[in-house]
Amino acid sequence: MLTLICRHFVARASAYFALIAIIFLVMVPTLPRVPPGEHLTQITAKEFITAHTRNTPTTYYEGRQGPTGFEYELMHRFADYLGVSLNLNASHHPESVLPAVRKNGDLGAAALPLLPNTPGIYYTRPIIQMQPLVVYRRGLNGIREPGDLVGLELGTLSEAGTSDALRDLQRRYPTLSWKESHELEVAELLARVENGTLDAAVIFEHQFRLNRLFFPNVERGFTLGDPLSMAWAVPSGRGLGLLEAANSFLQGLQEDGTLDRLISRYFGHDDYLEYVGTRTFLDHLDSRLPQYTALFQQAAQETEFDWKLLAAVGYQESHWDREAVSPTGVKGLMMLTNPTASEMGVSDRTDPAQSIDGGARYLRSIKDRLPESITGDDRLFMAMAAYNVGLGHLYDARKIVEIRGGDPDHWDDVRAALPLLQQREWHSQTRHGYARGGEPVIYVRNIRRYYEMIQYVERSRQQFFQLDQTAANDDPLLLFELVPPLD
C-alpha cells in the first residue's frame, strides 16, 4: 500500500513538474541579458556555496549522525555537483530567506514557494509539489470544508505560502480570521494544535506526512486551494550560470529517479502510520525497544547488519515481547524454532540476549548461503524471506521465476512468484512443495516499513525534542499576529 501511495504521489508530482518546467522554459528567454557565468564563476573561485535555509525536519537539522533533512540532501548533492563545499546559514524563518539571498547569498533552499515576478529573485524548476492542508485537533467534529474554519483558533506561518491560501479563502468567507507567526516552524505550530492552544492550522501536505508521527492527536482535514511548487531561489542580476546549473542538476535527479526516492523516503509514510497504528508503534518504541537496543547493536556489530534492521525484524516477529509464543510453539523476541535455536546454540529462546544474537546469526547464515549472483538489496530481502519461509521454499520460488522467464536474482520477480507456492499448479513442480508463500512477501514488506520508521524516528527525535524547550515560558499566542476578518 505504501509503495502504491508513494508512486501515486510521485506520478502526480512528475506530471505537474513537467507542466511547470514547460512554462519555466517559455519564461527564461524574457530574463535580462547579463554576463552568464558571473555568479557561478565567483562560487567556483571561492570553492564554496552559501545556502540560506531553515532548521526544520523538511529542510535541514542536526541528527544523531550529523546534518540531515530533505533539502539538505539536495543542497549537499548540488555542492558536490559544482565541485565546491557547502556553507549553510540555517538561522532563518521563511520571511528572512529571500532578503538574505538578495543581499549576499548564493542560494535559498527553505521550502520556498515558487512565486513568479518576485523582485531580485530567480527561481529554479520545481522540486516538489506543495499542497496547502488544513489539520485540526483530534476530537473536534465537523471540520470538513472551508466554511467550518470560521470561528476557530486557526494558525499558520507567515510568508510560507499557506497564508496566501487563507487570504484567497477569506474573500469567500469575510468573517474568517487567523493567526500568523514568523517565528515558529511547522512542528511548533502542530505542537500548539496538539496541546489545544490552536484548534487548527494550515500547513503543507508533505510537512504533515513528515511530522505526523510525533503528533498523534492532530488529524488530517482537507486540502485548501491550489498546490504550489517548492523551488530554490538565486539572486537575479548576477548572471544565469548558477540558475542553469541548478536546473540541470535538479532535472538530472528527476530523470534518474533520485528525486522520487528522496520524496518517498521523507514524505511517503502517512498511510503507513495508519497501518501500523501510530500510538502502538510509538509506545513500543519508547517502552520496549530501549531495553533491547544495546543487544541489537551488539548483534549488529558481530553480524554486519544495521542494528535498526535487526530491531525491525524483532518487531515483526514479536513486537519486542520477550515472552511472545506463536501457536506453533515458536518463542522469544526473534521467534526462533527449536531446530533453529539448536543450530545457533541458543539454550533459552526466551532470553533476549540469546534470542537476538541467535536470530541475527541465523539471518547472516542465510544471507551468506545465497548464490553469489544475488547482490545488494535483492540479497537482503531474499534472506529475510527465507528467515520466514525457509531457504528451500525460497529456492522453489526462484525456480518458478525461471519457468516464467523472469530473473531469479531479482527480488521483485521472486516476490511475485512466492504466492504461487500456494497453488498446486506451481508447487507441484517444486522440490519442497506447498508453502504459504504470501506470508514472506508481507513479512519482508513489513520489516522494510518498520526499518524505515525506526530510521526516521532515530533521525528526527533529536529535532523534535527541542519542541518542549521552544518558547516554554512564553504566552502560547504571543508569537502570533492576528489577521482580522474583512467585515
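1. Helices and strands here are DSSP runs, numbered from the N terminus. On that numbering, His319 sits in the loop between helix 13 and helix 14 (338-343). The model is predicted.

2. At the N-terminal end the cap is Asp306, with a side-chain oxygen 2.9 Å from the backbone nitrogen of Lys308.

3. Most of helix 13 is covered, with 11 of its 12 residues buried. Among them are Trp307, Lys308, Tyr315, Glu317 and Ser318.

4. Just after helix 13, His319 has a positive phi of about 55 degrees. Most residues other than glycine have a negative phi, and His319 is not a glycine. The relative accessible area of His319 is 32%, so this residue is classed as partly exposed.

5. Glu159 also calls for a check of the backbone: phi is positive there, at about 60 degrees, and the residue is not a glycine. Glu159 belongs to the loop between strand 9 and helix 5 (162-172). Because its relative accessibility is 53%, and exposed means over 50%, Glu159 counts as exposed.

6. The second largest pocket has a volume of about 540 Å³. Its lining consists of 18 residues, of which Glu317, Tyr387, Asn388, Val389 and Glu439 are the closest to the centre. Glu317 is also one of the buried residues of helix 13.

7. Three helices each supply at least two residues of that lining: helix 13, helix 16 (376-389) and helix 20 (438-465). Helix 16 gives the most, with 4 residues. By class, the lining of the second largest pocket is made up of 8 nonpolar, 7 polar and 3 charged residues.

8. The largest nonpolar core holds 118 residues, and those touching the most other members are Phe70, Phe78, Trp232, Phe296 and Trp320. Another core, of 16 residues, lies apart from it and includes Leu152, Leu154, Ala165 and Leu169.

9. Arg144 is placed in the loop between strand 8 (132-137) and strand 9 (154-157). With a relative accessibility of 67%, Arg144 counts as exposed. Its C-alpha atom is separated by 9.9 Å from that of Thr223, a residue 79 places away along the chain.

How values were computed:
Residues are numbered from 1 along each chain as its sequence is written. This is a predicted model: local features need pLDDT of at least 70, side-chain atom pairs count only at pLDDT 80 or more; totals for chains, interfaces and linings use all residues. Side-chain values use heavy atoms; hydrogens and water are left out. Buried means under 20% relative accessible area, exposed over 50%, partly exposed in between (1.4 Å probe, protein chains only). A polar contact is a pair of N or O atoms within 3.5 Å; within protein, one must be able to donate a hydrogen and the other to accept it, and residues adjacent in sequence count only if both atoms are side-chain atoms. On a 1 Å grid over the protein atoms alone, a cavity is a set of points where a 1.4 Å probe fits but cannot get out, and a pocket is an open set with protein on both sides within 12 Å along at least five of seven lines; lining residues have an atom within 4 Å of a point. Grid points are joined across faces, edges and corners, and a volume is the space filled by probe spheres set on the points. Ala, Val, Leu, Ile, Met, Phe, Trp, Tyr, Cys and Pro count as nonpolar, Asp, Glu, Lys and Arg as charged, and the others, Gly among them, as polar. A nonpolar core is a set of buried Ala, Val, Leu, Ile, Met, Phe, Trp, Tyr and Cys residues joined through side-chain atoms within 4.5 Å.
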